[in-house]
Amino acid sequence: MAAVTQLGYVGLGVSNVEEWEHFATDVLGLESNGVDADGNLSLRMDEYSHRFIIKPTGKDDVEFVGWQVTDEPALQEMAEQLRAAGVEVTDGNEDETRSRRVEGMIKFDDPDGTQTEI
């Protein structure tokens, strides 16, 4: 049975990216990876490229949560397990995997409607 190994990243929709960058770097001590062409700010706290993706959505809320598995077979097994439990699962597209800096992705909504990615 496949299982997630750890939290990979959290995507936050925010009303002010600049204020979030200041708070994250000057108060929390995170490292900024700068803002990409879409206006998304990436923040890191360890050896991974990012743990937080800050998106300029005009609201302040969790947009998505990404979980990690060990490899591609575990990802596919996780998708099968979720589908067997009645969860609608879709594959991430090329733009999504590139923006999240992952090799592959499945996604579904949690019971509250938050996009969940593995």
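**Salt bridges, rings and the sheet**

User: Where do Arg98 and Glu94 lie, and how many residues apart are they?

Analyst: In this predicted model, Arg98 and Glu94 both belong to helix H3, where they are 4 residues apart, or about one turn of the helix.

User: OK, and how far apart are the closest N and O atoms of Arg98 and Glu94?

Analyst: The closest N and O atoms are 3.4 Å apart, and Arg98 and Glu94 form a salt bridge. As background, side chains of opposite charge can pair when their charged atoms come close.

User: Is Glu94 buried or exposed?

Analyst: Glu94 is exposed, because its relative accessible area of 57% is over the 50% cut-off for that class.

User: Which residues are linked with Glu94 in a network of salt bridges?

Analyst: Asp95 and Arg98 are linked with Glu94 in a network of salt bridges.

User: How many salt bridges does the count come to?

Analyst: The count comes to 7 salt bridges. One of them joins Glu117 and Arg100, whose side chains meet at 2.8 Å, N to O. That pair links distant parts of the chain, since Glu117 is in strand S8 (residues 115-117) while Arg100 is in helix H3, 17 residues apart.

User: And are Glu117 and Arg100 buried or exposed?

Analyst: Glu117 and Arg100 are both buried.

User: What about Arg51, which residue forms a salt bridge with it?

Analyst: Asp46 forms a salt bridge with Arg51, and the closest N and O atoms of this pair are 2.9 Å apart. Arg51 counts as buried because its relative accessibility is 12%, whereas Asp46, at 23%, counts as partly exposed.

User: Back to Arg100: which ring does its charged end sit over?

Analyst: The charged end of Arg100 sits over the ring of Phe64, at 3.7 Å from the ring centre.

User: Switching to rings, how many aromatic pairs does a search of the whole structure find?

Analyst: The search finds 2 aromatic pairs. Tyr9 and Phe64 form an edge-to-face pair, with 6.0 Å from centre to centre and 70 degrees between the planes. This pair links distant parts of the chain, with Tyr9 in strand S1 and Phe64 in strand S5 (residues 61-68), 55 residues apart. Tyr9 counts as buried because its relative accessibility is 7%, and Phe64 counts as buried at 3%.

An edge-to-face pair is also formed by Trp20 and Phe23, with 6.0 Å from centre to centre and 85 degrees between the planes.

User: Where do Trp20 and Phe23 lie?

Analyst: Trp20 and Phe23 both lie in helix H1 (residues 17-27), 3 residues apart, which is about one turn of the helix. Trp20 is partly exposed, with a relative accessible area of 28%, and Phe23 is partly exposed as well, with 35%.

User: Now the sheet. In what order do the strands run?

Analyst: The 8 strands form an open sheet in the order S2-S3-S4-S1-S5-S8-S7-S6, and their pairing is mixed. Strand S2 (31-35) and strand S6 (90-91) stand at the edges with a single partner strand each, so one side of each is left without a neighbour in the sheet.

User: How many bridges join S6 to strand S7?

Analyst: There are 2 bridges between S6 and strand S7 (residues 106-109), and these strands run antiparallel. Thr90 has Lys107 in S7 as its bridge partner.

User: And how do S7 and S8 pair?

Analyst: S7 and S8 pair in the antiparallel sense over 3 bridges, and the bridge partner of Asp109 in S8 is Gln115. The hairpin of S7 and S8 has 5 residues between the strands, and in this hairpin Gly113 takes a positive phi near 95 degrees.

User: What about the phi of Arg101?

Analyst: Arg101 has a phi near 60 degrees, a positive value in a residue other than glycine. Arg101 is placed in the loop between helix H3 (94-100) and S7, and it is partly exposed, with a relative accessible area of 44%.

User: Last one: which residues form a nonpolar patch on the surface?

Analyst: Val4, Leu7 and Trp67 form that patch, which has about 240 Å² of accessible area together. Val4 is in the segment before strand S1 (6-14) and is partly exposed, with a relative accessible area of 36%.

Notes: Residues numbered from 1 in each chain as written. Predicted model: local features only at pLDDT ≥ 70, side-chain atom pairs only at ≥ 80, totals over all residues. Heavy atoms only, no water. Patch = residues over 30% accessible without salt bridge, like charges linked within 9 Å, V, L, I, M, F, W, Y side chains within 5 Å. Areas by Shrake-Rupley, 256 points an atom, 1.4 Å probe, with all protein chains shown as cover. Salt bridge = Lys/Arg side-chain N within 4 Å of Asp/Glu carboxyl O. Buried < 20%, exposed > 50% of the residue type's maximum accessible area, 1.4 Å probe, protein only. Phe/Tyr/Trp six-rings, centres within 6.5 Å; stacked < 30°, edge-to-face > 60°. Lys NZ or Arg CZ within 6 Å of the ring centre and 35° of its normal. Pairing = 2+ DSSP bridges.
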